[in-house]
Amino acid sequence: MTAVAIRPEKLKDQIAAALGAKVRQISVALDEVTVVVAAADYLDAMRTLRDAEGCRFEQLVDLCGVDYSSYGDQVHEGARYCVVSHLLSVSLNQRVRVKVFCPDDDFPVVASVSDLWNSANWYEREAFDLFGIVFDGHNDLRRILTDYGFIGHPFRKDFPLSGHVEMRYDAEQRRVVYEPVSIEPREITPRIIREDKYGGLH
């Protein structure tokens, strides 16, 4: 029988009590609890969320990177890179979102939680590949989506839309070759129609 989920406000209080001083910020929005912890406390906080009696988050269902260099068409104040995890407690029927900001924008590093949840292994590799976030303690941190010789991290907001190089299979050389990007940059602003009475509107 599935446990009845407690109200988000009560879950927020339980998580705040379990984590204590490790909580930087905790909030409820749209019936979801989000907790922010410091990078130095991240691994201990995640272990507590997995093991504490009122938490018991047995599953890590998602982990991703975020680049806040521009957010909502504004300049973001604070650390640029963030790791966001979603935890699920099957036994208690509750969820929480955990955010941790990397303290160094030039070399973003946070602890790996792959020893706590096996599912973090591939998620952390993906965040490393696409954002360049390093997960300290990960036992196999290498690219997972881009090519072996790929340069840069394509989900960073300063990465060019066209990339740095293009690749193709060369039939004569019988291998993949890398070449400078041959496409011209183009304007991708959508066309806006401003005709009078367009679509029957007055």
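**View 1. M46, a buried residue of helix 2.** At a relative accessibility of 0%, M46 counts as buried, a class that means under 20% relative accessible area, with exposed meaning over 50% and partly exposed lying in between (1.4 Å probe, protein chains only). The residue belongs to helix 2, which spans residues 42-51; helices (H or I, at least four residues) and strands (E, at least two) are DSSP runs numbered from the N terminus. When residues up to four places away in sequence are not counted, M46 touches L60, S85, L87, V98, V113, L116 and W117, where contact means heavy atoms within 4.5 Å. The C-alpha atoms of M46 and L60 are separated by 10.0 Å, the two residues being 14 residues apart along the chain. This is a predicted model, in which local features need pLDDT of at least 70 and side-chain atom pairs count only at pLDDT 80 or more, while totals for chains, interfaces and linings use all residues. Residues are numbered from 1 along each chain as its sequence is written, and side-chain values use heavy atoms, with hydrogens and water left out.

**View 2. Aromatic pairs, with Y68 and F101 as one of them.** The structure holds 3 aromatic pairs. The ring centres of Y68 and F101 are 5.5 Å apart and their planes stand at 40 degrees, so this pair is tilted. Because Y68 lies in the loop between strand 3 (59-67) and strand 4 (70-71), and F101 in strand 7 (residues 94-101), the pair ties together parts that are 33 residues apart in sequence. Y68 counts as buried at 7% relative accessibility, whereas F101 is partly exposed with a relative accessible area of 24%. F150 and F159 also form an aromatic pair, which is stacked, with 5.9 Å from centre to centre and 25 degrees between the planes. Rings of Phe, Tyr and Trp (its six-membered ring) pair if their centres lie within 6.5 Å, and planes under 30 degrees apart count as stacked, over 60 as edge-to-face and the rest as tilted. Of these two partners, F150 is partly exposed at 28%, while F159 is buried at 13%.

**View 3. H153 in the loop between strand 9 and strand 10.** H153 lies in this loop and is buried, with a relative accessible area of 17%. Its side chain reaches the backbone oxygen of F128 at 3.3 Å and the backbone oxygen of D129 at 3.0 Å. Leaving out residues up to four places away in sequence, H153 touches F128, D129, L130, F131, G132, R143 and F159.

**View 4. F155, placed between strand 9 and strand 10.** F155 is found in the loop between strand 9 (134-136) and strand 10, and at 48% relative accessibility this residue counts as partly exposed. Apart from its neighbours within four places in sequence, F155 is in contact with D67, L130 and F131. The C-alpha atoms of F155 and G65, which are 90 residues apart along the chain, are separated by 8.9 Å.

**View 5. A nonpolar surface patch.** V165, M167, Y169, V176 and Y178 make a nonpolar surface patch of about 500 Å². Strand 10 (165-170) and strand 11 (175-180) each supply at least two of the patch residues, and strand 10 gives the most, with 3 residues. Y178 lies in strand 11 and counts as partly exposed at 42% relative accessibility. Patches are made of residues with over 30% relative accessible area and no salt bridge, like charges being joined within 9 Å and nonpolar side chains (Val, Leu, Ile, Met, Phe, Trp, Tyr) within 5 Å; a salt bridge is a side-chain nitrogen of Lys or Arg within 4 Å of a carboxyl oxygen of Asp or Glu.

Key: Areas by Shrake-Rupley, 256 points an atom, 1.4 Å probe, with all protein chains shown as cover. Polar contact = N/O pair within 3.5 Å; in protein donor to acceptor, adjacent residues only side chain to side chain.
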